[in-house]
Structure formats: C-alpha cells, structure tokens
Amino acid sequence: MPGTPNYTGLAGYSHDTLPQVGVLLVNLGTPEAPTAAAVRPYLAEFLGDPRVIEYPRLLWLAILHGVILRVRPKRSAHAYARIWTEQGSPLRVGSEALAAALQAELGRRRSGPIRVALAMRYGRPAVAETIAQLQREGVRRLLVLPLYPQYSATSTGSVFDAVADAVKGLRWPPELRQINDYHAEPGYIAALADSVRAHWEQNGRGEKLLMSFHGIPERYVRNGDPYFCQCHATARLLREALGLSEEEAPLSFQSRVGRERWLHPYTDETVKVFGKDGIKRIDVISPGFAVDCLETLEEIAMQNADFFKEAGGETLNYIPCLNAAPAHVGTIADLVLRHTQGWPEFAADYDAAEAAHRLAASRERARQVRDNA
Ligand SMILES: C=CC1=C(C)c2cc3[nH]c(cc4nc(cc5[nH]c(cc1n2)c(C)c5CCC(=O)O)C(CCC(=O)O)=C4C)c(C)c3C=C
Ligand SMILES: [Fe+2]
Ligand SMILES: [Fe+2]
C-alpha cells in the first residue's frame with residue numbers, strides 16, 4: 001500500500017544533473033554557549049554515545065542522567081568560559097576556518113566540481129543534516145574525513161556510525177569513502193615539525209617537548225583499539241623529524257574522565273614530575289588535535305601550566321595546533337586528492353567545461369526525442 005515513503009529522496013531526478021564530489025570534514029562538536037544550560041545537551045549526546053562509554057547501557061544511562069549531567073555541565077561551562085572567543089567556541093571557529101581554506105586549496109588544485117562541508121559529531125551541524133544538504137547540491141560521491149589524525153573507535157569509529165546512520169535512511173545513498181586516520185602522513189608530520197621549529201625560533205626552546213594526546217580507557221586498547229599504537233607512531237615520527245630522543249620528547253595522555261585506568265602516562269602527572277625534578281621550562285604540543293579546543297587551550301595551556309608551576313616549574317609554552325595553517329591545509333588536500341582517485345569527476349584529466357558541453361548536448365538530444373514523439 002502506498003503511503004509515506006520509508007526513505008528520503010530528491011524528487012525530479014534528471015539525467016542531466018552533473019554529479020559532484022563532496023568532502024565531509026567531521027569534528028567532535030562543541031556547545032553552543034559557555035553555559036551549563038548549553039553544555040548539558042552537548043554532554044548528554046556525547047557521553048550517551050555507546051562508542052564513547054562502553055559500559056552496561058542502562059546502568060550507564062542512570063549514572064549519566066542521575067549524577068554526571070547534574071554536576072559536570074557547570075564545571076565544564078566554567079572551563080569553556082575561559083577560552084570562549086567573540087566568534088564562539090575555538091573548536092568551531094578553527095574547524096570552519098580549516099574547511100574554508102581546504103575548499104579554496106582544492107579549487108586551486110583541481111578543476112572538477114568539489115564541495116567541502118563541515119559537520120559535527122555531536123551538536124550542529126549534524127552529520128545527517130549535512131549529508132542531506134550535500135545531496136541537494138548534487139553530491140553523488142562523498143569522502144568522509146574525520147578530523148582525528150589517530151584512529152580510535154571512540155572518535156573516528158563514532159563518526160563512521162553517524163555516517164552509516166545518515167545514509168541508511170536515504171533512497172539513493174552517495175558513493176562513500178572514509179579515511180580511517182592520517183597519523184603517519186609525511187606532510188602532517190612535517191607540518192608539525194615545522195610548527196615546533198617556528199615556535200622555538202620565536203619563543204626559545206624548553207628543556208622538554210611533551211607530546212600530549214587525548215586519552216581513552218586502557219580497556220579499549222586491550223579490546224583492539226589501535227589508538228595507543230598510532231599515537232606512539234606519530235610521536236616517534238615527530239621525534240625523528242626533529243632529531244630528538246625519547247627522553248627529550250616524551251609522550252603522555254590527557255583529559256581522563258572517571259575512575260577507570262586510562263592510557264598512561266598521564267599528562268598532569270608528567271608535568272608535575274618535571275616540575276619536581278627541577279625542570280624550569282617545557283614546550284607542550286598536542287599532535288592528536290587538528291584544531292585548538294577546550295582540551296588544548298584550557299587543559300594544557302592553563303590547567304597543566306598551573307600544575308607545572310605549582311610543582312616548581314617556571315614556564316609551560318603551549319605550541320598551538322596546526323589549525324588553518326597553509327601546511328596543514330596542504331597536507332589535508334593531499335589526503336583528499338589521494339583518496340578521491342578514480343572518481344571520474346575528480347580525476348586528474350577531468351574537464352568541467354567538456355562535461356558541461358556533453359551535458360548540454362545530451363539535454364538537446366532528449367528534447368528532440370520528446371519533440372518527435
Ligand atoms: C569520557 C570519555 C571520553 C573519551 C573516551 C574521549 C575520547 C576522545 N575525545 C577526543 C577529542 C575531544 N574531546 C573533547 C572534550 C571532551 N572529551 C570528553 C570525554 C571523552 N573523550 C569530555 C567529557 C569532553 C568535554 C569537555 C569536558 O566536560 O571535559 C574535545 C574538546 C571539545 C571542545 O568543545 O572544545 C575534543 C576535541 C578524542 C580525539 C578522543 C579519542 C581519541
Ligand atoms: Fe574527549
Ligand atoms: Fe579536558
């Protein structure tokens with residue numbers, strides 16, 4: 001029996017629409033405002049994601065809604081207020097700038113039609129609404145690029161879930177490709193190394209270069225998450241690029257939540273040990289974040305800087321994320337070009353003018369067939 005369609009689609013399909021390639025950048029998401037009222041729904045969605053908290057479901061939802069969402073939003077809002085800008089949350093501002101710069105860079109490097117869009121895994125613009133919008137704009141092939149250099153089921157895996165959910169409801173899903181990670185991408189490592197050298201030139205050099213990555217529960221790694229290994233690989237490659245030893249440039253994990261054991265060593269404990277050991281000056285970089293956010297600007301540059309000083313240190317210099325720096329945009333564009341190879345509209349020899357010409361000719365033939373009928 002006909003009724004409401006089970007799948008959404010675009011009415012009025014016509015053979016003469018030029019298909020487009022789309023690139024969907026996805027970052028974590030961030031609250032709409034630095035207030036408890038705005039942080040609560042964001043945290044409810046984030047911490048309600050079974051990829052993030054792998055715990056017996058009903059028990060966890062009871063703890064989340066009964067305890068955590070009553071306490072944490074206020075505390076988090078206070079932290080967000082310390083880094084909020086006139087344009088909004090740094091994570092949003094930085095991600096939007098990166099997406100705009102990538103669109104411009106791809107336009108310079110390829111003549112084929114390509115549309116870059118940005119979605120957030122939690123909050124807005126949501127992955128599903130962004131994919132629907134891309135479809136309306138004619139995107140038939142879609143490359144998904146989560147803005148997480150290292151793969152984790154909790155971050156990248158969750159983005160893939162959201163994409164799968166979004167296309168499940170579509171009558172004609174786009175052709176899909178997904179980038180798992182870019183933790184060892186040579187251009188990415190070189191861009192990080194250059195940013196460290198530039199920082200040293202401008203600010204002088206600390207006694208240590210601490211590479212701090214977002215942590216995850218150790219249990220997830222035991223159960224097969226490659227995140228720990230990929231963080232170590234990024235750290236080793238960055239050390240090699242800078243000619244530093246493991247002692248000069250150690251690795252640590254930040255941002256743990258809850259009582260479970262997370263990946264070690266912890267960033268806060270590490271900077272405290274440095275301070276106690278008489279180290280006066282350290283540099284900290286976060287090679288697991290594409291753009292600056294709460295975890296870098298507040299947790300590293302403010303909180304951990306305080307921990308270091310309280311323990312006897314003098315200066316913690318935070319080295320910013322690559323954000324929309326040209327070297328970062330260039331390496332992401334390289335990734336996109338490599339992963340879209342073979343897609344006709346995006347091939348090296350694609351000629352947009354020729355395609356438009358052929359399209360016009362086919363439209364004209366269709367009109368003649370109609371008129372003769
Ligand atoms: C409790 C579990 C969490 C896991 C697992 C986790 C993994 C994870 N997170 C990022 C990137 C970011 N996390 C950010 C903030 C943030 N992370 C958690 C919890 C987990 N993250 C919370 C509760 C928060 C919110 C802030 C707070 O209340 O402390 C951010 C910054 C967001 C912003 O708005 O600026 C990023 C980015 C990765 C890459 C990751 C796994 C590898
Ligand atoms: Fe996180
Ligand atoms: Fe944090």
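## Nonpolar core

Of the 85 residues in the largest nonpolar core, Leu24, Leu25, Leu102 and Met211 touch the most other members. Both domain 1 (20–183 + 325–353) and domain 2 (186–319) contribute residues to this core, so the core lies between them. The model is a predicted one. In soluble globular proteins, nonpolar side chains tend to be buried together.

Take leucine 24. Leaving aside its neighbours within four places in sequence, leucine 24 is in contact with Ala117, Ala119, Thr130, Ile131, Leu142, Val144 and Leu145.

## Domains and their contact

The chain is divided into two parts: domain 1 (20–183 + 325–353) and domain 2 (186–319). Their C-alpha centres lie 24 Å apart. Across the boundary, 26 residues of domain 1 are in contact with 23 residues of domain 2.

Which helices each supply at least two residues of the side of domain 1 that touches domain 2? They are helix 2 (57–83), helix 3 (90–109), helix 5 (153–168) and helix 11 (326–339). By class, this side of domain 1 has 13 nonpolar, nine polar and four charged residues.

## Ligand 1

There are 21 residues around ligand 1. Thr30, Ser76, Val257, Cys293 and Leu294 come nearest. Helix 2, helix 5 and helix 10 each give two or more residues to the shell. The shell around ligand 1 divides into 10 nonpolar, nine polar and two charged residues.

Why does ligand 1 count as lying between domain 1 and domain 2? Both domains give residues to its shell, so ligand 1 lies between them.

## Annotated binding site

An unreviewed UniProt entry places the feature "binding site" at His214 and Glu295. These residues span 82 residues in sequence, yet no two of their C-alpha atoms are more than 7.9 Å apart, so they gather at one spot.

Histidine 214 lies in strand 5 (residues 208–214). Is histidine 214 buried or exposed? Histidine 214 is buried, because 26 other C-beta atoms lie within 10 Å, and 20 or more is the cut-off for burial. Leaving aside its neighbours within four places in sequence, its contacts are Gln254, Ser255, Gly288 and Glu295.

Glutamate 295 lies in helix 10 (residues 294–310). Glutamate 295 is buried too, with 22 other C-beta atoms within 10 Å. With neighbours within four places in sequence again left aside, glutamate 295 is in contact with His214, Gln254, Ser255 and Phe289.

Leucine 61 has its place in helix 2. Helix 2 also gives residues to the shell around ligand 1 and to the side of domain 1 that touches domain 2. Leucine 61 has 15 C-beta neighbours inside 10 Å, so leucine 61 counts as partly exposed. Leucine 61 and leucine 47 are 14 residues apart along the chain, and their C-alpha atoms are separated by 9.1 Å.

Where is proline 173 found? Proline 173 is in the loop between helix 5 and strand 4 (175–178). With 17 other C-beta atoms within 10 Å, proline 173 is partly exposed. Proline 173 and isoleucine 131 are 42 residues apart along the chain, with 9.5 Å between their C-alpha atoms. Ile131 is also one of the contacts of leucine 24.

Conventions:
Residues are numbered from 1 along each chain as its sequence is written. Chains are lettered from A and ligands numbered from 1 in the order in which they are written. This is a predicted model: local features need pLDDT of at least 70, side-chain atom pairs count only at pLDDT 80 or more; totals for chains, interfaces and linings use all residues. Domain bounds come from an automatic or database domain assignment. Two residues are in contact if their C-beta atoms, placed from the backbone, lie within 7 Å. Helices (H or I, at least four residues) and strands (E, at least two) are DSSP runs, numbered from the N terminus. Ala, Val, Leu, Ile, Met, Phe, Trp, Tyr, Cys and Pro count as nonpolar, Asp, Glu, Lys and Arg as charged, and the others, Gly among them, as polar. UniProt positions are given in the numbering used here, feature names are shortened, and annotations may be inferred rather than shown by experiment. A residue is buried if 20 or more other C-beta atoms lie within 10 Å of its own, exposed if 12 or fewer, and partly exposed in between; C-beta atoms are placed from the backbone. A residue is near a molecule or strand if its C-beta atom, placed from the backbone, lies within 6 Å of it. A nonpolar core is a set of buried Ala, Val, Leu, Ile, Met, Phe, Trp, Tyr and Cys residues joined through C-beta atoms within 7 Å.
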